[in-house]
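Please open the model in your viewer and keep the sequence panel at hand. The tour moves from the whole chain to a single side chain.

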Amino acid sequence: MRKFAMALAAGAALLAGTALEAKPKLTGEEQLAKAIGDRVPGKPVDCISLFDSRDQQVIDKTAIVYGNGSTIYVNRPSNARDLDRDDVMVMDIHGSQLCRLDIVRTHERSGFFPTGFVNLEQFVPYRRVASSN
């Protein structure tokens, strides 16, 4: 019984230490700033090609980031409150581009029940600047 009590106390101490070391969850704006990194914004565009939109990252209640590498495109939908990174995004695409005013429906991952939709706005390209070293 004494060994059990000691093991229980050690486990509780370990959990308490882990809770103290846990990092606070980043806000949507902080997550977006991290995704943008050292890139600089360019002139917003109304559409991006589907090739540029293959890789996407949903930032809860903030934005959708398309692409990767040296250039990414950030879209801040007009009703970003419906963005949830755990949802599946369903786009009804007609053509080879994703454009401003397109509607993206969101569905929960497990039962695929609709959870909302977002209206895309302009896409802001963020590009890495070549270093002058």
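How many helices and strands does the protein have? There are 2 helices and 10 strands, where helices (H or I, at least four residues) and strands (E, at least two) are DSSP runs numbered from the N terminus. Along the sequence they follow the order α-α-β-β-β-β-β-β-β-β-β-β.

This is a predicted model, in which local features need pLDDT of at least 70 and side-chain atom pairs count only at pLDDT 80 or more, while totals for chains, interfaces and linings use all residues. Residues are numbered from 1 along each chain as its sequence is written, and side-chain values use heavy atoms, with hydrogens and water left out.

Colour the chain by pLDDT, the predictor's confidence in each residue, from 0 to 100. The protein averages 84, and 81% of the residues score at least 70. Select helix α1 (residues 2-21), which has the lowest mean pLDDT among the elements, 54; then strand β10 (residues 123-127), which has the highest, 97. Where pLDDT is low, the predicted coordinates should not be read in detail.

Next, select N79, in the loop between β5 (71-75) and β6 (88-91). Is N79 buried or exposed? N79 counts as buried because its relative accessibility is 6%; buried means under 20% relative accessible area, exposed over 50%, and partly exposed in between (1.4 Å probe, protein chains only).

Finally, display F117, V118 and N119: leaving aside neighbours within four places in sequence, N79 is in contact with these residues (heavy atoms within 4.5 Å). A polar atom of the N79 side chain lies 2.7 Å from the backbone oxygen of F117.

Key. A polar contact is a pair of N or O atoms within 3.5 Å; within protein, one must be able to donate a hydrogen and the other to accept it, and residues adjacent in sequence count only if both atoms are side-chain atoms.
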